[in-house]
Every structure is written in C-alpha cells, then in structure tokens.
Amino acid sequence: MMDLFGLLHLDELSHGLANLSMFPYFDMAHYIVSVMSLREQPGALQVSRTSPLACWFSSMLFCFGGAVLSGIMLAEPPVAPLSNSTSILLASIIWYLVFYCPMDLVYCCAALLPLRLVLSGMKEVTRTWKVLGGVTQAYGKYNDSLLVMIAIGWARGAGGGLISNFEQLVRGVWKPETNELLKMSYPTKITLIGAVLFTLQQTHYLPLQKQHLMLIYTVFTVVNKSRMMLTGSSTSPFAPIESAIYKTLFSGSSPYTALTTDVKEGNIDNGTTNRMTSTTATKESSKNVAAGKGKSRSLKAKEESENAEATNYKKTE
Amino acid sequence: MMDLFGLLHLDELSHGLANLSMFPYFDMAHYIVSVMSLREQPGALQVSRTSPLACWFSSMLFCFGGAVLSGIMLAEPPVAPLSNSTSILLASIIWYLVFYCPMDLVYCCAALLPLRLVLSGMKEVTRTWKVLGGVTQAYGKYNDSLLVMIAIGWARGAGGGLISNFEQLVRGVWKPETNELLKMSYPTKITLIGAVLFTLQQTHYLPLQKQHLMLIYTVFTVVNKSRMMLTGSSTSPFAPIESAIYKTLFSGSSPYTALTTDVKEGNIDNGTTNRMTSTTATKESSKNVAAGKGKSRSLKAKEESENAEATNYKKTE
Amino acid sequence: MMDLFGLLHLDELSHGLANLSMFPYFDMAHYIVSVMSLREQPGALQVSRTSPLACWFSSMLFCFGGAVLSGIMLAEPPVAPLSNSTSILLASIIWYLVFYCPMDLVYCCAALLPLRLVLSGMKEVTRTWKVLGGVTQAYGKYNDSLLVMIAIGWARGAGGGLISNFEQLVRGVWKPETNELLKMSYPTKITLIGAVLFTLQQTHYLPLQKQHLMLIYTVFTVVNKSRMMLTGSSTSPFAPIESAIYKTLFSGSSPYTALTTDVKEGNIDNGTTNRMTSTTATKESSKNVAAGKGKSRSLKAKEESENAEATNYKKTE
C-alpha cells in the first residue's frame, strides 16, 4: 500500500492535503452550502421573515451542529462553538447574505450549478477534518473504546443531520415520524463509514497512514458527491453492500420476512401479541391492526416523498 | 432490628447478597427483559425491519437509559455507557438474538412464563444495585443534598422509563400527552421509593445497615413483581397509602374537588380564567372550554387504554 | 454620567441596590409570580390534580429554569439547583400554597391587582440579579467571548421561557409550532437587552459602573412592567426600534417583501423551488403550495391568538 502511494507520487499530495487549512475558504464553503440547504427547507424562508433570530439560530445549528452534538455527548459546554468569534462572525455574515442580500444576489449566484458543485465539493473536504477531529477528541478521553470514538466522529461530522429534529423545532416544525437513525441520508451514511475508518486507523487496526486515509476518504466523498449532483441520481454506492448485510443479518427469523408487505405485517404483529396476551387480546389486537396499517401506510407515503426528494440533488446535509 | 436479623440468620444472607456480582448473569437478565419489553412496544418490530440501527439505539436506551440520564443530570458524558465494551457487547448480542434470531427461538423461549418470571425477578435485583449506585454517586458530589441523591438514584434505577418520550422519538413515535411523571408506572414508583430509602440510609436518617436495607428492598421488589406477573393484577401495594396522601395533601382547596369530573372541570377552569382576564375573556374562554373538554376526553381515553395494558403483565419497564 | 449620578444623589441608592439581598423576599416574590403564571396556563390546574409530582416539577422549571438552562449550556450539572435546599424548600412551599391551599386563599389574595403589582415588580428586580449572575458566570469561563456571555446571561434570566417547550412536555402539552425564539415575549426581549448591556459593561465597552447600570436597568424593567400591568397594554417600548432594525436589515431582498402576505408567499416560495428543481418540480410544488398555505394560515391563527393573549397582562414569564 505504501509502495503504491510512493509509486504514484501520492505521498506528497496526501501530506499536502493533511496540512491544508480549513479556515477560511473551506469553512466558508461549508457555511454557504449549509445555510443554503437550510433556506431550501420548506417554510424556512417564511421563518427568516417573521423571526430573523430563530433563522440565525437554525443556521448556526446547520453550520455548527456537529460541534454542539459532540460537545453534549462528551459533557463539554454546548456553547463552546459560540466562543469561536471568527467562525461565528463568518457564518453569520454568510447567513445574512444568503437570506437577506438585496436582489437575492448571493443565493442566486451560489445556486448556479458550477459554483454549487465547487462549494459542495469543498464542503465534503471539511467532512474529513470534522470526522477526524471528533475521533481524535474522543481518543483523548476514551482511548480504548472504539464505539465512543465512532459515535463522536459521526456526531461531529453529521451533527446537523442527527439533531435535525431539534433544529426543526427552533423553526416551529416538528416531524417526529422521521429522523436520521430511522432513515439515513447519504451524508449521514458516508460520515458513519468515515468515522469507522478513522477510528480503525487511530487504533491501528487499519494498516494505513492517517494522511493516506484522509486522501482516499476525501477523494471518495468529493467524487461521489459530484457524481450525485451531476447525474441527479441518489443511488448510494453502498446500496448493494447494505442490501447484502441486511439480508444476511437482519432477516433471519423466517416468519417475519413477510413483514415488509403491508397487510400481513399487521396480522403477524398481532399474532405475536396474541400469543402473549391471552387476557386482553381481542380488543387490543383489532386496534393494533388498524394502527399498524395506518402506520405503515404513512411510513410508505413518507418514503415515497423522500425518494422523490432524493432524486433532487439539493438535499439537506 | 439488628437482633431480628441476627436471630433469623439473615445477617449472612444480606452480606452474601451485598457481595453478589451483577455481571454477567443479572445484567444479562436485565438486558433480556428490557429488550423484550422494547420488542413488545407497538411498532417496534416494524422498526427492527426498516432500520436496525434505530432499533439497536432504542434497545441501548432501554438497557442503559438510567446511566445515560443520570450522566446528563450530573454533567458527565452521556456516551460513557458506550465505553463499557463488555456490557455493550452483551446487550447487543441479546438485542440481536431477541429481534433477529432464526425461527424467533430466543424470544419465544424467554417469553414462556416460568423463564420470564425468573428473568424478571433477576432484573428486579439489578434495580437495587442501580438505585444504590446512583445514590452513592450523587453522595460523592452533593453529600448534603437529599433531593439530588434521590433524583440521581431514581434516574439511575428508572431511567429507561423517565426518558421514554425521547426513546420513542428514536423510533419515530411521539406521545407528548404522556410521560412517567404524569402517570407513574409501577417500576418508576418502586424505584422512587427505593431511592428515598437508600438516600435516608446513606445520610443515616434511617437506622439500618446498608446490606440489610438491600436485602429487604430486593426481596420486596422481587416478591411483588412475581405476584403481579402470576396474578396478572396491577394493583400497586402502595395504592392505599398514595390515596391517603393524596386526600390529605392535594385536595385541600374544596372548590376544586369536583375537578376530576369531566364537564365541570372545563367550567371551573374557565371560571378562574374569567375572574382574571376581564378584557379578552369571552372569545378565549369559549375556546378553552372546547380545548379543556377535548383534552380531558383524550386523557381519559388514554388512561383507559393504559389500565387495559396494566392488566397485562408484559408492561414496559 | 458619573456627575449626573452624583448630582442626583443616586450613587448611594445604586450602591444600596447593588448590596440588596435577593433572599428571601425577592426570591419569594419570584417564586409566587412564577408558580401563579404556571397555574394560569391552560390545563395546569388539571395536572395539579392528576399528578402533583409533574406539577411540582413544572413549577421548579418555572422557578429555576434559568439556572437549569445555563447549567446545561455550560456543561454544569442541571441538578445543581436542587442542591440549594433552602430555595427548593421555599419554592415548594409556595407551589403547595398556590395550588392546594384550603379555600384557595393564597392564590386569590396574590391575584389581587395591588399585591400582584408589588410581587411582579419585585420579580423584575430579581431579573437584574439573574442576568448579571449569568454574565459573570460566563465571564469566568469565556472571558473574551461576548456572544457566550450574552447567551448565558439571557438563558439565566429568561430560562423559564426559553425552555417552555420542554416544560410543557412535563405536563403532557406539546406546542412545537411556537417557541420564544420564533415569537419573543416581552420578558424574553427585555432579558436579552439586559444581557447585552451587562455584557458590554463587563467587557468595559459600556462606560458605566456596574451598580449604576443595575439601577437603571432595574428601574426600567420595574416601571415598564407596572405600566403594562396597569394599562393592560402590551405595546413594547422597543416596537419602533425593532421595526426600524427589521426594515433596515431584514427586508433587503426586494422580491421577497411580499412574502408576508398569504397566497403570494406560497407562490414565490415555489418559484424559488421551481428554479432549482427542474426534475421533480410539478408534483412537489403543488404539494408545497398546499403545505405553505396551510402552514401560514395556522401560523396566522396562532399569531392572532397570541396577540389576544398579549393584551392580557398575566402572561407567562
């Protein structure tokens, strides 16, 4: 592996990348893309008119959500990101320009495909740094716990998505039926994979130098993001692997493989319930059937709308 | 008291109990019963198919909710439970077996009454250790505050229930109209009593040795749980005491004793409102009547369903 | 400025004020007014009958919400307020008397306008101390970050309001469509201004002595609160300034100024969406129009009810 890197003169490149400073250009790209994706949330524009403060707070959660979440998880002050005045100032200026610029100039320019492509690519680069930062921070506190390192790296890199329920609450929106754990978006998935890889590298289970892994991961995320934006497709590159893992591990209990279909699910679910609760079965179970059906139908509707959304490349990240 | 213990040769028994290790058998029983009660939540099986990760996270909250909650309350890292690799691994294996075991073997076996009885009894034993652990932990930080000790002991012992609203959110379920403070379940009540007793023991207000209190409390919880499971009854042993306390303390203001009845409540509630708000009364109050009625009706419906549920012994803990 | 204070013999007065102890009388007034405003929340009386514990917990959040919130933000134990036994005992006694006093004597007396006026005035005085306490606490940890100091001062002074969504959840009420960031109430606004002023004073950007600022701010809040209670008006003294700031800063992008009107908003919002998403536009946009309209209509209804509420002086604080 080392030889391959040496052969292709990639060693210097990876060193150069590892020494790259995120501030200010890459951070700016991250803020612009984040604030733009907030602006494209349904209802966000209206909130920006009725309550600039809620809009600003929401933007800061989009920009610094990872730092806030990983701070909470490690019992460090969640206000800490606010103390980095330069970053906050930069993010606030960008928030102001994206939402309130005269003639809406900034948003319209940044939304042009070529510029947006570059900005999104730069934002993906910051992901590597954030995940690595999270893993390193957790390593300092819990150096023998892989799970904690993965969790903090993931939280730091995909924080905005993971706390989206509470970010939406700031804007008066509440969608309890969905969250990033129930239905992971592409950025959340790629961040989780990154967190696992960097954790394995940190604990020397993965025989790769840090800068090489950074190069590989960054190139992968940038290329993949660009591909998705250009083709407008949302087919995750992990779909076959996921499907294989799912089939191997999580569909073991044969009586339940039919669970994904609509009506049968309700019946089987009640089947188990009935087996257990002979006392209050009949009344409860008929309720459950109805509830189960309603539930799965609404879930299905949600998935459809999400898939429709996914074909559009301007997803929240 | 000491003499009584000496007489009955219970002293050695209580010492033996106090030196009992929870790991691995009792912890395992706790994980099995917890994961099974998650599986029996409406909709949980479906989540286990659509999103194994959300299901796993929910299971961990059922198993380690107390540690997470008491960690947050004491500003200690809520990820700390994740750093205990052995426990997490054990809980994860049990989660996997309960949800995805081929032929559903594990769940069906564990759900058989005799086995479930033993497992539930063992889980009750862990409660003593968790409550005591919480009280001791709080005593180290706030050694002159009974309330903090009670709160942390309670949170550690009944954490899964107390954070159930947020645990449900992980699975896409949101039931704001109910929580363990509004309508305490039996496990939450018994844990609160335990937290009070162990706090009084720790601060020497209760003239009992720690191991004796542990023995008494453990025997009481195990016997009571077994009784409830065998008879299928949910009559709390504290019902008369609660009722007496309630009547003495919380029904003092005579004009409001009729409040529990449905329609009158709405009227009286508005009565007070009217007395206060002479300006915008009429429009608001008519709204309130409607809201009040709707509210109390839905609360009533909820209570009924909960009572129905309570007659079933497989309650969430 | 100093001369003016000297001239008017206000220097001694401000020193006297700065040395005033909040405990016990002003704290008591704060607890009484807070618990009374909880009692005046729709549904709170019913909760006090069905679950005294949830009612007590809610009351404590009204009384100590600021300390809890600023504790969380600085990663200090949120249970810390519970460790101050005297305050908790005092607040609990007041909670008991306000909700359960025989003949409802305490509430009826305290609700009489002259007494309520005095209590509310005293409560406003505690605000100065709380904001200052928050700013000083944050200054100890982040002495070069104005934003953190403002945030902590604000959280400490207006905590009950800022966490109202979660306080309501304790009582089984969930109103995600509103929060203090989306639609600030008067107490939240005045606290924010106080936090800014005390932060500027602390960092010497404001050339005023601390005790003088305390006097000015306290007099302003007390006078303004009394005026609002006596006239029953809710016209904020900052309305013209707010309006000017809003017009200057947040209505820059001309194409969106029409956004506040109902139907146009939906159309323009979709306009932007359409410009961006040529692929899945038609189906989505028609949905958005409907969603946008429904949303804005419900928001409008909410605002109306809030305005109606605002004319009433007994608002939650």
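How many aromatic pairs does the structure hold over all chains?

1. The structure holds 40 of them over all chains, a pair being Phe, Tyr or Trp rings (for Trp the six-membered ring) with centres within 6.5 Å. This is a predicted model, in which local features need pLDDT of at least 70 and side-chain atom pairs count only at pLDDT 80 or more, while totals for chains, interfaces and linings use all residues. Residues are numbered from 1 along each chain as its sequence is written, and side-chain values use heavy atoms, with hydrogens and water left out.

2. The ring centres of C:Phe198 and C:Tyr217 lie 5.6 Å apart and the planes stand at 85°, so the pair is edge-to-face (planes over 60 degrees apart; under 30 is stacked, the rest tilted). C:Phe198 belongs to helix H11 (residues 186–202) of chain C and C:Tyr217 to helix H12 (residues 210–231) of chain C, 19 residues apart, and the pair links distant parts of the chain. Both C:Phe198 and C:Tyr217 are buried (under 20% relative accessible area, 1.4 Å probe, protein chains only).

3. Ring pairs also join A:Trp95, A:Tyr96, A:Phe99, A:Tyr100, C:Tyr246 and C:Phe250 into a cluster.

4. Helix H5 (residues 52–73) of chain C packs on helix H6 (residues 85–100) of chain C at about 125°, with axes 10 Å apart.

5. Residues in contact (heavy atoms within 4.5 Å) include C:Trp56, C:Met60 and C:Phe64 in H5(C), and C:Ile88, C:Trp95 and C:Phe99 in H6(C). The residues of this contact of H5(C) with H6(C) comprise eleven nonpolar, three polar and no charged.

Definitions and conventions:
Chains are lettered from A and ligands numbered from 1 in the order in which they are written. Axes are lines fitted to C-alpha atoms, for helices over the stretch in contact, and angles run from 0 to 180 degrees between N-to-C directions. Helices (H or I, at least four residues) and strands (E, at least two) are DSSP runs, numbered from the N terminus. Ala, Val, Leu, Ile, Met, Phe, Trp, Tyr, Cys and Pro count as nonpolar, Asp, Glu, Lys and Arg as charged, and the others, Gly among them, as polar. Buried means under 20% relative accessible area, exposed over 50%, partly exposed in between (1.4 Å probe, protein chains only).
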